[in-house]
Amino acid sequence: MKYFGTDGFRGEAGVALTVEHAYKVGRFLGAYYTNENHRGRIVIGKDTRVSGYMLENALVAGLTASGSDAYEMYVTTTPSISYMVRRKGFDCGIMISASHNPYFDNGIKIIDGRGFKLSANVEERIERYIDEGDPAIEFVTRDKIGKCYDYSRGKETYTDYLEALVREDMLEGGASIEEVKTPFAGKSVALDLSNGSAYKLAIQVFEDLGARVIARNHEPNGTNINRNCGSTHIETLQQLVYDTGADVGFAYDGDADRCLAVDDEGKVIDGDHILYLCAGHMKKKGRLKDDMVVTTVMSNIGLYKAFDELGINYEQTAVGDKYVSENMIKNDYRIGGEQSGHIIFKDHAVTGDGILTSLMIMQAWLEADAPLSELTRDLKIYPQLLVNVRVADKQAALGDADVIEVADRVSEELGDTGRLLLRESGTEPLIRVMVEAETDEICREMTDRVVQVLKDKGHAVN
């Protein structure tokens, strides 16, 4: 598609994504969800980027001009929009965010009435409207014009829900009413808020649950979101945990649909660690349907070996949280995710939720009554090397007999001590060569062998 990618309409604000684009998206959606018998109800949130204001106002103008009502939650997280759509029966939700991208980018994520990303079919119709217009989408008049509401209270509804999940689970486990008021009492939690959309919400949730919060990167100014902070710069959180002696640390991305953690020893707890920790906890409590976890093909071989030891099954999907979500919904599996920290807990949410993920880690840790570092000690993450090779023709490169032969030889030599993953990029003219093995040296040697054949056969281009 021309404008919409795997995660909405994204690009540099004012260049690839303009006020006019946002207005037309609003005009289409406002008309799409409004008819003679129903006035569309659409909830909107944004992260802390300076361009969020202009895109928000343009969307609202478009929505109301087409007859729908807009409910503004202002600065909030993507998962909170998904939750409120489902909780309050909105026709759809809109999140203005470019996630982990730099501040000068922005994006429009559209969430359907079930809390999922909007279907590609509707996105294609929006694109046609942006480029060609549609005479059927007229300006409404008089009492048909939509209204705009301050819906800040939606954030409180969302945080109340997250806190209740923790307290209710403790009550089921036999804790007293007094204990569940502040279940995190006595624990120090470091938070890297990435100067993004969780900068208030996450602090509130952890403090309400009794934790001593050590917050950093929680003073957004419109241009500092994700700048050397958050889940894409996990070293910042590692240093914070080391300097303060915090029991645990959590880092979110710009719209807080991802979470990475740091344990008491300063070790990074990435998405694979989180799946290992939380799936093991869920299995012990009998909450893991078919003892199954959904991962992408990029999860580390060490995770699968550790799952084998725990008696946990797993399925692999293509790279992308939407594929994980599709598998989970189809099979009613309870947990899945990616190395990036985009984890889905289907009993509680239909998309990745960074704050929810951090709460699930806290529960698993507290119930184990051991240092967090001990809980992932048996998970051995194998060294991994990924090389992207730009090629003239992805299909020709992957179908080359010599490339297939070298890939087969490498896989055979690695055996059960590693693996080779050879795949094409879904958005760029790249072949991705990924090797996991017992040492960095083996990763480099095996990767070089495959890359060299791609070059020798003339597939690689500068």
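This is a predicted model: local features need pLDDT of at least 70, side-chain atom pairs count only at pLDDT 80 or more; totals for chains, interfaces and linings use all residues.

I found one cavity of 30 Å³ or more. About 30 Å³ of space lies in this largest cavity.

Next I wanted to know which residues line the largest cavity. I noted P79, Y83, R86, Y158, Y161, H348, A349 and D353. Helices α3 (78-88) and α5 (153-172) are the elements that give two or more residues to this lining. α3 gives the most, with three residues. Sorted by class, I have five nonpolar, one polar and two charged residues in the lining.

Entry two, a helix pair. I turned to α1 (residues 19-32) and α2 (residues 52-65), which pack at an angle of about 35 degrees with their axes 7 Å apart. I put their crossing down as right-handed.

In what order do the strands of the open five-stranded sheet run? I wrote down β9-β8-β10-β11-β12, with mixed pairing. The edge strands are β9 (212-216) and β12 (268-269), each pairing on one side only. I then followed β10 (residues 248-252) and β11 (residues 259-262), which pair in the antiparallel sense over four bridges. F250 has A261 in β11 as its bridge partner. Last, I saw helix α12 (residues 354-368) lying across β8 (188-192), β10 and β11, at about 160 degrees to β10.

Technical notes: Residues are numbered from 1 along each chain as its sequence is written. Side-chain values use heavy atoms; hydrogens and water are left out. Two strands pair if DSSP finds at least two bridges between them. Contact means heavy atoms within 4.5 Å. Axes are lines fitted to C-alpha atoms, for helices over the stretch in contact, and angles run from 0 to 180 degrees between N-to-C directions. A crossing is left-handed if the near helix is turned anticlockwise from the far one by less than a right angle, and right-handed if clockwise. On a 1 Å grid over the protein atoms alone, a cavity is a set of points where a 1.4 Å probe fits but cannot get out, and a pocket is an open set with protein on both sides within 12 Å along at least five of seven lines; lining residues have an atom within 4 Å of a point. Grid points are joined across faces, edges and corners, and a volume is the space filled by probe spheres set on the points. Ala, Val, Leu, Ile, Met, Phe, Trp, Tyr, Cys and Pro count as nonpolar, Asp, Glu, Lys and Arg as charged, and the others, Gly among them, as polar.
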